Number of protein chains: 2
Amino acid sequence: MNHKEAKLKFIQAWGTMGTNWGINRAMAQIHALLLTAIVPLSTEDIMDELNISRGNANMNIRTLLDWGIISKEHKPGDRKEYFSTKKDIWQLIRVIARERKKREIDPVVKLLDELEDFTGNNSKEEKELRKTLTDIKNYTSTASDLFDKVSRSDYGWFVKTIVKLIK
Amino acid sequence: MNHKEAKLKFIQAWGTMGTNWGINRAMAQIHALLLTAIVPLSTEDIMDELNISRGNANMNIRTLLDWGIISKEHKPGDRKEYFSTKKDIWQLIRVIARERKKREIDPVVKLLDELEDFTGNNSKEEKELRKTLTDIKNYTSTASDLFDKVSRSDYGWFVKTIVKLIK
DNA sequence: TAAAAGTTTCAGAAAATATTGAAAGTACGA
DNA sequence: TCGTACTTTCAATATTTTCTGAAACTTTTA
């Protein structure tokens, strides 16, 4: 396998992985393409490389921009927008932590807050329900804090704490 | 809101959350139903409570059993299978860690292993690609170790390390 | 061992998600 | 202000995922 094949395989596979990560195929592929590109690419470049439509390319580029994962630049004398991404994976992880927290954790916290104070007579059944909900809430808020921590910490923190943690 | 309403709302919402967690609605709802039930429930009970078909109920119950999240029991003089779940949330988190690692992390590790040794002439472009892939691999294997650690650790470990970590 | 009671499977239907492509919108330069 | 070069939007379409329900299978009991 030469490096072009490796790159192609990486882009294809990253698209499939994206699916398991709750990120759509096109978005993950665009990101992989930019991650392995040596120069910024235009929307057309991306469309051609990945064989996707303009609408699809545009929409997913916008989302990646919104998330702050890729950035836009202009070449002098050219109206097109060109896109590139920092090759800093820790930065990427921080963004993922932020977005997944938003999607996966925040709604649980919101739900549990709403459920917290149901009224009742403190029967055994009610006590059990209260306990279950409280337990879930405790773990969830810990997870929430952990994701916040990751999304706000620098690489030094990662090495110092996470890497040690798993030893 | 009384406790029946709270419970119903929890089950409904847990189904929706499941979606964001990569778990299908029915499976998440069945789990929520058992988590808040005070007695074991049969397939029919589950079908009735959640308004889902027998096929759907059966299939998702099997998956929950496979994952070790719920368990099966029999009542004397009754042929039906009854299902229940431990109300231990930490245990649930460990299973989730195991399953998500399997789905989200292991395939990345496998991919990166395959890509690792592409051949080439060590041009600048190739060196960059190698570096990017190596970086991803390092973070991924740390994540892999972390998920393993979670799925194998007891509640004491959680309190001692994770809770401190985020302070 | 036959009927009854329960469980599993799976092809087709329905629902949810992602993608296309063409029309509408915007910004720039002459 | 017009034409050109792009970007954005969105209704229609395609794809993927989930759900249904009935038939096939298994286990138990009489």
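I sorted the surface near DNA strand D by class and found two nonpolar, seven polar and seven charged residues, where Ala, Val, Leu, Ile, Met, Phe, Trp, Tyr, Cys and Pro count as nonpolar, Asp, Glu, Lys and Arg as charged, and the others, Gly among them, as polar. The model is predicted, and local features need pLDDT of at least 70, side-chain atom pairs count only at pLDDT 80 or more, while totals for chains, interfaces and linings use all residues. Residues are numbered from 1 along each chain, chains are lettered from A and ligands numbered from 1 as written, and side-chain values use heavy atoms without hydrogens and water.

Turning to the protein side, I found 51 residues of chain B in contact with 50 residues of chain A (heavy atoms within 4.5 Å). By the rule, four salt bridges cross this interface (a side-chain nitrogen of Lys or Arg within 4 Å of a carboxyl oxygen of Asp or Glu), and I recorded a salt bridge between Lys9(B) and Glu114(A) at 2.9 Å, N to O. By class, the side of chain B that touches chain A has 29 nonpolar, eight polar and 14 charged residues.
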